[in-house]
Amino acid sequence: MQQRKAVALISGGLDSMLAARVVQEQGVHVEGINFFTGFCVEGHTHAIRKKDKAKSKRNSALWVAEQLGIQLHIIDIIEEYKDVVINPKHGYGAHLNPCLDCKIFMVAKANEWRRDNAFDFILTGEVIGQRPMSQRKETMPVVAGESGADDLLLRPLCAKNLPPTLPEREGWIDRDALYDFSGRSRKPQMALATAFGFEDYSQPAGGCCFLTDEHYSDKLADLWRARGSREYELDDIMLLKVGRHLRPRPNFKMIIAREEGETKFLKGYRKAFTSMNPVSHSGPLVLIDGDPTEDDLKLAASLTARYSQGREAETVEVEVVRDGVSRRLVVPPMPAHKIPPEWHI
Amino acid sequence: MKKTVLNARRLLCPLPVIRVQNTVKNLGTGEILEVVCTDPGALSDIPTWCRINGHRVITSRSEHDEYIITLEVGDGAVQPAR
């Protein structure tokens, strides 16, 4: 009998890990696919921030693939994904998270990969009722239909709550050995993990995407407002993950490193931005995004001084580098009470 | 043996892994790839990617805040999925 082949969307979380193992148990050859959008929480902040250096740096999707003994294909979808973020047909969730459009897009990309690599079907770790926007009974057929995967999309963890898919009807998969999980409870998944002998697995608390984070979404919305267009490049969205962001005036924003790891990361961007750093006292590296006037630069220098060790001093000397030209400004640090809360993005 | 050098400096994971994956596609079995990264996460991710895709890490070292991983391209044969 021909061994069937399935491509599994592997996020690095428990559900997709279990779904892949359920199908492996039925003798199907499974390979994993993982998409990099640029908004993935995985790894980035740990890599940037020094205080997180002690934390494990492992990539969960790769780790899961190794536990399952499957190959993993990581696909860069940064460019194509922009349209999902900027123009989501089904709208946003609580923040700028286009979860349903995202799921449809990823399943469609997995289906393309399936066709190109002569695989038979796709599987995901979706569970009805698990997520308020993208994993509901009504959205399951929407994802299958709009992605073009149709009945080649198998959800092993909740398949018994859905109509039989082609792999089930054709007997490639035994429907009786699939599951009927639903709702937000994690207990059935944890029990199944125990049954499979998985003792260590990722339990993401806030999802795996920065767009579900309120503060991150606020910063992205601010970026779009300031530029007058809903566009972004990879560097833009990486910088939104780093530092303290202040917008004192509409025409410029400050990105202030909060610790050594962030300083090191921001140093890589100094040539692309006007930058500041205190020289009379130790203090943070600051990038200025926008088109500041001379008066704006004095204001930014006094804010930079505020976040330096010289915050209580009468004056702080700040180096300003603009278009490769360095000069120094001596400014009084701005008192904390004079920084309006609305400047913080 | 032919050696290719991949500059993955300033890229945060998983981008170094993606660059390795895409470079290896164009290399033959037994060829050597040296990857230079600045994200310490690459020290874990690239070896894991190699193990699950049938390639071999020869050396892995740190030098002046950079991480240099040298690998030998395998023949694509990996342990079969269960």
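Visitor: Is A:L154 buried or exposed, and why?
Guide: In this predicted model, A:L154 counts as buried because 31 other C-beta atoms lie within 10 Å, where the cut-off for that class is 20 or more.

Visitor: Which element holds A:L154?
Guide: A:L154 belongs to strand 5 of chain A, which covers residues 153-154.

Visitor: And which residues does A:L154 touch, leaving out those up to four places away in sequence?
Guide: With that exclusion, the contacts of A:L154 are A:F121, A:I122, A:L123, A:A159, A:T165, A:P167 and A:I173.

Visitor: What is the C-alpha separation between A:L154 and A:P164?
Guide: The two C-alpha atoms are 8.7 Å apart, for residues 10 places apart along the chain.

Visitor: Let us turn to A:F252. Where is it placed?
Guide: A:F252 is found in strand 7 of chain A, residues 252-256. A:F252 is classed as buried because it has 20 C-beta neighbours inside 10 Å, and the class requires 20 or more.

Visitor: What does A:F252 touch?
Guide: Not counting residues up to four places away in sequence, A:F252 touches A:I288, A:D289, A:G290, A:D291, A:P292 and A:D296.

Visitor: How is chain A divided into domains?
Guide: Chain A has domain 1, residues 5-209, and domain 2, residues 242-343. Taken over C-alpha atoms, the centres of these two domains of chain A are separated by 42 Å.

Visitor: Now chain B. What is the strand order in its open sheet?
Guide: The four strands of that chain B sheet run in the order 1-2-4-3, with mixed pairing. At the edges are strand 1 (3-8) and strand 3 (56-63) of chain B, each of which pairs on one side only. From one strand to the next, the twist averages 15°.

Visitor: In which sense do strands 1 and 2 of chain B pair?
Guide: Strand 1 of chain B and strand 2 of chain B, residues 32-37, are parallel, with six bridges. As one instance, B:L6 has B:V35 in strand 2 of chain B as its bridge partner.

Visitor: Which residues of helix 1 of chain B are buried?
Guide: In helix 1 of chain B, residues 15-24, the buried residues are B:L15, B:P16, B:V17, B:I18, B:V20 and B:V24.

Visitor: And what do those buried residues pack against?
Guide: The buried residues of helix 1 of chain B pack against elements of both chains: strand 2 (29-36) and strand 3 (72-76) of chain A, and strand 1, strand 2 and helix 2 (42-53) of chain B.

Notes. Residues numbered from 1 in each chain as written. Chains lettered and ligands numbered in written order. Predicted model: local features only at pLDDT ≥ 70, side-chain atom pairs only at ≥ 80, totals over all residues. Helix = DSSP H or I, 4+ residues; strand = E, 2+ residues; numbered from the N terminus. Buried ≥ 20, exposed ≤ 12 C-beta atoms within 10 Å, placed from the backbone. Contact = placed C-beta atoms within 7 Å. Pairing = 2+ DSSP bridges. Axes fitted to C-alpha atoms, helices over the stretch in contact; angles between N-to-C directions. Domains from an automatic or database assignment.
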